[in-house]
Amino acid sequence: MIITASSFLNLSESERVKLKDSISSEILHDLQDALSVYNFTLEENPMGFLGISGNKMEITKRMSEIESLLEELYDRYSYTSTVCMAVSILLGIWQGKIILRSADLKQKLDDFGALSEYPETEHSRAAAASFRAGVLVFAIGKEGRASERSKAWIDQFWDTVSGLGSCIQAIEINCSEPIPDDPLGRLISSYTNSAKTELKERLDHWGFNLAKIEMSEVIGALLARQTTIAVEFASAPAIWTPHSAPLMLRTMADVYITLAWILKEPEERAKKFVDDGLGAVKLELAHRKNS
């Protein structure tokens with residue numbers, strides 16, 4: 001089961017007041033301090049009822065921390081992101097939402113302790129991979145579980161966060177390779193430059209929506225893959241033969257069919273495409289474990 005802060009949205013106003021009153025003043029102050037920037041930026045978030053600590057001027061100064069934090073969290077292999085995923089799994093275990101055998105629980109706790117040395121040791125890297133895989137497994141097949149209120153909050157969160165900080169990496173596509181002097185070279189360079197230009201125009205037009213990240217990433221990745229295959233194929237005249245060319249063209253046909261299918265219902269089918277890939281990874285891991 002996915003453990004999300006959005007579940008606090010299901011509490012009534014009286015339940016929120018009761019929960020807040022049950023927290024000791026010392027712990028409540030720590031929670032308010034830790035969540036102050038979060039609650040100040042997104043007033044209607046699920047944890048907003050806990051309030052904030054400090055004045056608005058102090059909190060505004062701390063807003064500068066968000067950009068560097070987001071950069072770490074967007075990288076799922078960073079220390080911060082890895083620990084967050086590990087904590088979410090442990091919370092699920094302690095809440096009884098994730099059931100493990102005692103031996104598996106001992107291993108998970110041991111793995112969590114090893115993360116203090118991540119990514120320096122082999123144990124810590126293996127532990128991090130285990131927690132990352134666990135988070136992906138819990139994300140499979142959960143469509144329809146979230147309430148409409150939770151979905152609205154998630155959309156609001158990404159709409160707000162996407163406007164904070166700068167992009168981690170701008171997309172750069174070199175669309176002006178040097179033109180050779182020979183006729184075949186000019187033909188190939190003209191085609192590859194045109195293909196890259198069209199890819200850039202399509203990606204710019206398609207845009208990127210953090211609230212619908214699967215749709216943005218899947219379709220953008222498939223367009224980029226198709227262009228890469230076409231450019232590499234065009235750049236290798238030696239494989240323009242009846243024996244080699246069909247191998248490349250078959251791959252391009254597979255990408256086209258997949259993309260055409262997803263574009264019928266982009267948002268839903270992009271998620272299914274991701275889930276299918278995660279299922280394949282899970283199956284492969286199970287086979288390797290048995291081996």
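**Cores and rings in a predicted model**

Student: Which residues have the most contacts inside the largest nonpolar core?
Tutor: This is a predicted model. Its largest nonpolar core has 14 residues, and those with the most contacts inside it are Val218, Ile219, Leu222, Leu223, Leu259, Ile262 and Ala270.

Student: Which elements give two or more residues to this core?
Tutor: They are α9 (183–206), α10 (213–234) and α11 (245–262). With 7 residues, α10 gives the most.

Student: What does Ile262 touch?
Tutor: Leaving out residues up to four places away in sequence, Ile262 touches Val218, Ile219, Leu222, Arg269, Ala270 and Phe273.

Student: How many residues are in the other core?
Tutor: That core lies apart from the largest one and has 10 residues, among them Ile89, Ile98, Ala127 and Phe131.

Student: Phe131, then. What lies over the face of its ring?
Tutor: Lys108 does, at 5.2 Å from the ring centre. Elsewhere, the charged end of Arg76 sits over the ring of Tyr77, 5.4 Å from its centre.

Student: New topic. How many aromatic pairs are there?
Tutor: The count is 1 aromatic pair. Phe8 and Phe49 form it, with 6.3 Å centre to centre and 40 degrees between the planes, which is a tilted arrangement.

Student: Where do Phe8 and Phe49 lie?
Tutor: Phe8 is in the segment before α1 (13–21), and Phe49 is in the loop between α2 (25–41) and α3 (56–62), so the pair ties together parts that are 41 residues apart in sequence.

Student: Is Phe49 buried or exposed?
Tutor: Phe49 counts as buried, because its relative accessibility is 15% and the cut-off is under 20%. Phe8, at 27%, counts as partly exposed.

How values were computed
Residues numbered from 1 in each chain as written. Predicted model: local features only at pLDDT ≥ 70, side-chain atom pairs only at ≥ 80, totals over all residues. Heavy atoms only, no water. Phe/Tyr/Trp six-rings, centres within 6.5 Å; stacked < 30°, edge-to-face > 60°. Helix = DSSP H or I, 4+ residues; strand = E, 2+ residues; numbered from the N terminus. Buried < 20%, exposed > 50% of the residue type's maximum accessible area, 1.4 Å probe, protein only. Lys NZ or Arg CZ within 6 Å of the ring centre and 35° of its normal. Core = buried A, V, L, I, M, F, W, Y, C linked by side-chain atoms within 4.5 Å. Contact = heavy atoms within 4.5 Å.
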